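Dear colleague,

I am handing over the structure below, and my notes on what was found in it follow. Please read them with the model open beside you.

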Amino acid sequence: MDFLADELEDLCKKGLYRQMAPVDSTQGARFVIGGRECLILSSNNYLGLTHHPEVMRAAKAAVDEWGTGSGGSRLTTGNYGLHGKLEQEIASFKGTEGAIVFGSGYAANIGVIQALVGTGDLVLSDRLNHASIIDGCRMSRAELGVYSHRDMDQLEKLLIESQSYRRRLIVTDGVFSMDGDLAPLPDIVCLAERHQAFVMVDDAHATGVYGRRGAGTADYFGLEARIQVQMGTLSKALGSAGAYVAGSARLIDYLVNRARSFIFSTAPAPAAVGAALAALRVLREQPEIRESLWTNAGFLRKGLKSMGYHVPEEDSPIIPIMVGDNHSTMKLAGALLEEGVYAPGIRPPTVPRGTGRIRVTVMSAHTREDLDRALGAFARAGRRAGVI
Ligand SMILES: Cc1ncc(COP(=O)(O)O)c(C=O)c1O
């Protein structure tokens, strides 16, 4: 298997080689790498709930009551009362008839898309959709129409030209994971209704963050009743692991019968389910956690912009610092790490070629002192890497 060494060397030459940072311990907003404490500015743990005492307590209580694993697929041995309880809570949080949980967001996206469309159908997908959506589209065997990022004219054109397909699904990230911008959902929903297509939104980065109740982009835009498939993760702002799909009772029944990544995969572990249940309660009862996320996001974005970084004009806890080429991106990430800030470089294929960036994410758990320290580090690292 000589090709392994050749291909790895090729990745190095292109600045695309990836390595995992060995984290020794974490306290939510900071972790220790190689004995050194670093501020985390890259986590999707937006609300810091992985370390919220009530969420941690609930995870431990779920282990005491249900054990460490669920032992099988929900359709065989793993369907515990805890899973049903979480699905009821998610449905009420999302304002839908039902919900179904999956082991991960990746599993949810591939399972749902494959279940809903196949040969003879068409999926229309935003060019910047997450890899799990892209893989779900490929695996479904439906035809794929990719429209330019948030380009509603192109989406409409594709809908007009594709009337003969059996089913047409429009699928989009609600909040784009690498850019932090929102999908134009009101326009997407209007186009879908006009052209008899249906809509799936991936709220991985919106769940717990966007909307009046933190219930995601449908909540944010007031479109709860007009989006047929609402997917989201439990692994980001909710501080747990796994994912959900919320929608009509019939959709949920259909997915139980047709989503292969649900049918042929072990049910989520009790600790993750217990943690997600507690996270939903904390979200409802402690709105100040979400408020501090947005305050921190505004403060950090303004600070980064004012020192000359190229940061898009969005209001989002995801703040991409656009660099461009892979080597400069990694140089900046390395300089930040030397300054005690962990914010890794993001390169193709995660983002389009030539758009390498540092994807900064802010958390409620960051204090003003943390953010001041981060800005100081960005100023010094940016100058050293020649980015500002
Ligand atoms: C938009 C989007 N969808 C889906 C996923 C996959 O979720 P998970 O990490 O739970 O597999 C992610 C996470 O990386 C994501 O950013």
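Predicted model: local features only at pLDDT ≥ 70, side-chain atom pairs only at ≥ 80, totals over all residues.

Residues are numbered from 1 along each chain as its sequence is written. Helices (H or I, at least four residues) and strands (E, at least two) are DSSP runs, numbered from the N terminus.

Within H6, which spans residues 152-160, Leu155, Leu158 and Leu159 are buried. They cover an arc of only 100 degrees around the axis (taken from the directions from the helix axis to the C-beta atoms), which puts them on the same side of H6. The cover over the buried residues of H6 includes strand S5 (122-126), strand S6 (143-147) and helix H7 (185-194).

**The seven-stranded sheet**

Seven strands form an open sheet of mixed pairing, in the order S4-S10-S9-S8-S7-S5-S6; two strands count as paired if DSSP finds at least two bridges between them. Strand S4 (98-102) and S6 are the edge strands, each pairing on one side only. Neighbouring strands of this sheet are turned by 20 degrees against each other on average, direction ignored. Helix H9 (residues 249-258) packs on the sheet, where it touches S4, strand S9 (229-233) and strand S10 (243-247), and its direction makes about 30 degrees with that of S4. For such angles, axes are lines fitted to C-alpha atoms, for helices over the stretch in contact, and the values run from 0 to 180 degrees between N-to-C directions.

Strand S7 (residues 168-173) is joined to strand S8 (residues 198-202) in the parallel sense over five bridges, and Thr172 stands opposite Val201 in S8. S8 in turn pairs with S9, also in the parallel sense, over three bridges, with Met231 in S9 as the bridge partner of Asp202. S9 and S10, by contrast, run antiparallel and are joined by four bridges, Gln230 standing opposite Ala246 in S10.

Five of the five residues of S9 are buried, so S9 is largely enclosed by the rest of the structure. Val229, Met231 and Thr233 point one way from S9, and Gln230 and Gly232 the other way.

Three strands form an open antiparallel sheet in the order S11-S14-S13. S11 and strand S14 (residues 356-361) pair over six bridges, and Ile358 in S14 is the bridge partner of Ile321. Helix H13 (residues 326-338) lies across S11, S13 and S14, running at about 35 degrees to S14.

Val311 lies in the loop between helix H12 (287-306) and S11, and is buried, with 21 other C-beta atoms within 10 Å. Leaving aside neighbours within four places in sequence, Val311 is in contact (C-beta atoms, placed from the backbone, within 7 Å) with Arg301, Leu304, Lys305, Ile319 and Ile321. The C-alpha atoms of Val311 and Met322 are separated by 6.5 Å, although the two residues are 11 residues apart along the chain.

With kind regards

Methods: Buried ≥ 20, exposed ≤ 12 C-beta atoms within 10 Å, placed from the backbone. Contact = placed C-beta atoms within 7 Å.
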